[in-house]
Amino acid sequence: MTTAMILTVSDTRDLATDKSGQYLEATLKAHGVTVSDRQVVIDDIVDIQSQFLQFEQQSPDLIITNGGTGIAQRDVTIPALTPLLSTIVEGFGEAFRQISFNEVGTHALASRALAGFNQRNQLVYCLPGSTNACQTAMKELILPEFEHLVFERHK
């Protein structure tokens with residue numbers, strides 16, 4: 001059975017108001033994935049890395065973050081987590097931006113959404129904070145492919 005943890009990065013949300021995190025959790029569970037934890041942290045590199053590393057220690061198959069992937073000065077998820085990823089799955093970010101471009105136009109260019117594997121070979125997705133963006137990523141890219149990516153990494 002696949003296990004996942006969800007980390008929302010936001011200065012304004014908490015667990016009760018985190019619609020994107022709630023969506024991710026419900027969708028994963030509906031597809032047979034056990035979500036063992038979901039947390040919210042502020043847009044701070046140390047807080048993001050600290051919670052991420054705590055998740056990593058619990059050995060989930062997937063860690064999905066949402067929020068902080070844009071280009072605003074407060075968007076620090078990508079600089080926080082990129083150093084913790086040993087392999088980037090470039091195609092995910094490229095495909096996500098292409099699909100997003102078709103949905104929202106040139107605003108998609110500001111997305112730094114990415115996927116990769118950490119040193120423990122856990123699959124990590126860093127998604128934008130908008131629920132619509134999370135829906136797009138889950139339906140179009142993550143659900144159809146995550147099992148294959150995990151399988152390939154563990155061969």
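This is a predicted model: local features need pLDDT of at least 70, side-chain atom pairs count only at pLDDT 80 or more; totals for chains, interfaces and linings use all residues.
## Sheet, helix packing and selected residues

Gly116 of S5 is the bridge partner of Ile88. Residues are numbered from 1 along each chain as its sequence is written, and side-chain values use heavy atoms, with hydrogens and water left out.

**The sheet**

S4 and strand S5 (residues 114-118) run antiparallel and are joined by three bridges. Both belong to an open sheet of six strands with mixed pairing, in the order S2-S1-S3-S6-S5-S4. Two strands are taken to pair if DSSP finds at least two bridges between them. Strands of a sheet pair through backbone hydrogen bonds, in either a parallel or an antiparallel manner. The edges are held by strand S2 (34-41) and strand S4 (85-88); each has a single partner strand, so one side of each lacks a neighbour in the sheet. On average, neighbouring strands of this sheet are turned by 25 degrees against each other, direction ignored.

Helix H2 (residues 45-57) packs on this sheet and touches strand S1 (3-9), S2, strand S3 (62-66), S4, S5 and strand S6 (123-127). Contact here means heavy atoms within 4.5 Å. The direction of H2 makes about 170 degrees with that of S1; axes are lines fitted to C-alpha atoms, for helices over the stretch in contact, and angles run from 0 to 180 degrees between N-to-C directions.

**Helix pairs involving H5**

Two packed helices are described by the angle between their axes and the distance between the axes. The axes of helix H4 (residues 90-104) and helix H5 (residues 131-153) cross at roughly 120 degrees and come within 10 Å. H4 is therefore oblique to H5, on a scale where angles under 35 degrees count as roughly parallel, over 145 as roughly antiparallel, 65 to 115 as roughly perpendicular and the rest as oblique. The crossing of H4 past H5 is right-handed, that is, the near helix is turned clockwise from the far one by less than a right angle, anticlockwise being left-handed. H4 contributes Phe92, Ala95, Phe96, Ile99 and Glu103 to the contact, and H5 contributes Asn132, Ala133, Thr136, Ala137, Glu140, Leu141 and Ile142. Eight of the residues in the contact of H4 with H5 are nonpolar, two are polar and two are charged. In this classification Ala, Val, Leu, Ile, Met, Phe, Trp, Tyr, Cys and Pro are nonpolar, Asp, Glu, Lys and Arg are charged, and the others, Gly among them, are polar.

Helix H1 (residues 19-30) also packs with H5, at an angle of about 25 degrees and with the axes 9 Å apart. H1 and H5 are therefore roughly parallel to each other. H1 passes H5 in a right-handed crossing. On the H1 side the contact is made by Lys19, Ser20, Tyr23, Leu24, Thr27 and Leu28, and on the H5 side by Thr131, Cys134, Gln135, Met138, Lys139 and Leu143. The contact of H1 with H5 comprises six nonpolar, four polar and two charged residues.

**Selected residues**

The table gives relative accessible areas; buried means under 20%, exposed over 50% and partly exposed in between, with a 1.4 Å probe and protein chains only.

| Residue | Relative accessible area | Class |
|---|---|---|
| Ile48 | 0% | buried |
| Thr77 | 0% | buried |
| Thr69 | 3% | buried |
| Asn121 | 26% | partly exposed |
| Ser59 | 45% | partly exposed |

Ile48 lies in helix H2. Leaving aside neighbours within four places in sequence, Ile48 is in contact with Leu7, Val9, Val41, Ile42, Asp43, Val76, Thr77, Ala80 and Leu81. Thr77, in helix H3, has contacts beyond four places in sequence with Val9, Ile48, Thr65, Gly67, Gly68 and Cys126. Ile48 and Thr65 are 17 residues apart in sequence, with a C-alpha to C-alpha distance of 9.5 Å.

Thr69 is placed in the loop between S3 and helix H3 (77-81). Not counting residues up to four places away in sequence, Thr69 touches residues including Asp75, Ile78, Arg112 and Cys126.

Most residues other than glycine have a negative phi. Ser59, in the loop between H2 and S3, has a positive phi near 60 degrees. Asn121, in the loop between S5 and S6, has a positive phi of about 60 degrees although it is not a glycine.

Key:
Helices (H or I, at least four residues) and strands (E, at least two) are DSSP runs, numbered from the N terminus.
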